[in-house]
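Me: I've got a model open and would like to learn how to read it. Can we go feature by feature?

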Amino acid sequence: GGIAAIVAGFGFRRNFAAEILLFAGQTKPGTVADWFSLLQNNGILGLSLLNVFDLVNYALLSVMFLALYASLQQTNQSYITIGTTCGLVGVATYFASNTSLSMLSLSNNYAAATTEAQKSLFLAAGQTLLTVGQGTGVYMSLLLLAVTGLIFSVVMLRSKTFSNVTAYIGILASVFDLTYCVTFAFIPELDALLLSAAGLCLMIWHIVVGRKLYKLSNDIPSKGS
């Protein structure tokens, strides 16, 4: 759990796609046909922009949640159980909502299509997937993970295992995320600020939590001792 949290903290950022576009000197595709073309010509770049690496990030977070459950359950069993459940459901929701690999499959079928009717069918399916990838599932996943982080961080305040600083960083990150979830549709001007602030706090929180979890694992006596 500690290693998973540290890797998630160092390796994944919310502006990952923007950074890739900057270094690649390319703009994000605007149409389904453009997405298909990009996936055929540069699959890694296309999948990156479709957030395929977030699947790895969320898998790492699920391991971190389980480790936090083990380390905090004695502090407050009920809250930690709720938090872990929310986190795992959030991870599962994101996996169900991520359309990167499905888009790659559709792009392959589109490239192999021999008639305009087939191509139109795949384009329509691709548009549906793009809509799903930006829809309720992704929002609910973020909301559930924000609630998870808030619950874990509040319980940390009553725990002797984690410092109050760690808890407050987690609370701050969760508040930024929850504020975004409430205001993104009404005050879009705040979106970038809230997500960037939450992302920075989460990166620090994951690394600090990961270090502590890793230290705890080293403090556990082996069976022979």
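Me: Let's start with Gly 46: where is it found?

Reply: This is a predicted model, and in it Gly 46 sits in helix 4.

Me: Is Gly 46 buried or exposed?

Reply: The cut-off for buried is under 20% relative accessible area. Gly 46 comes out at 0%, so it counts as buried.

Me: Which residues does Gly 46 touch, leaving out those up to four places away in sequence?

Reply: Gly 46 touches Trp 35, Leu 38 and Leu 39.

Me: Which residues of helix 7 are buried?

Reply: The general idea comes from the turn: an α-helix has 3.6 residues a turn, so residues three or four places apart point the same way. In helix 7 the buried ones are Ser 100, Met 103, Leu 106 and Ser 107. They cover an arc of only 115° around the axis, so they lie on the same side of helix 7. Leu 101 and Ala 112, on the other side, are exposed.

Me: And what do the buried residues of helix 7 pack against?

Reply: They pack against four helices in the model: helix 3 (32-41), helix 4 (43-49), helix 5 (53-72) and helix 8 (116-133). Helix 4 is where we found Gly 46.

Me: What about Thr 99: where is it, and which residues does it touch?

Reply: Look in the loop between helix 6 and helix 7 for Thr 99. With a relative accessibility of 9%, Thr 99 counts as buried. Not counting residues up to four places away in sequence, Thr 99 touches Leu 129, Val 132 and Gly 133.

Me: I always check cysteines. How many disulfides does a search of the whole structure find?

Reply: A disulfide is a covalent bond between the sulfur atoms of two cysteines. The search here finds zero disulfides. Take Cys 181: its nearest cysteine sulfur is that of Cys 86, 13 Å away, and the cut-off for a disulfide is within 2.5 Å. Cys 201 is in no disulfide either; the nearest cysteine sulfur, from Cys 181, is 15 Å away.

Me: Are those two buried or exposed?

Reply: Cys 181 is at 3% relative accessibility, so it counts as buried. Cys 201 has a relative accessible area of 12% and is buried.

Me: Now zoom out. How many helices and strands are in the protein chain?

Reply: There are 11 helices and zero strands. The C-alpha trace spans about 70 × 50 × 35 Å along its principal axes. Of the 225 residues, 40% count as buried. For contacts between residues at least 6 apart in sequence, 75% join residues at least 24 apart. The accessible surface is about 12000 Å², and 65% of that belongs to carbon and sulfur atoms.

Me: Last one: where is confidence lowest and where is it highest?

Reply: The chain's mean pLDDT is 87, with 91% of residues reaching 70 or more. Confidence is lowest in helix 2 (residues 16-24), at a mean of 64, and highest in helix 6 (residues 77-97), at 93.

How values were computed:
Residues numbered from 1 in each chain as written. Predicted model: local features only at pLDDT ≥ 70, side-chain atom pairs only at ≥ 80, totals over all residues. Heavy atoms only, no water. Buried < 20%, exposed > 50% of the residue type's maximum accessible area, 1.4 Å probe, protein only. Helix = DSSP H or I, 4+ residues; strand = E, 2+ residues; numbered from the N terminus. Arc of directions from axis to C-beta. Contact = heavy atoms within 4.5 Å. pLDDT = per-residue confidence, 0-100. Areas by Shrake-Rupley, 256 points an atom, 1.4 Å probe, with all protein chains shown as cover.
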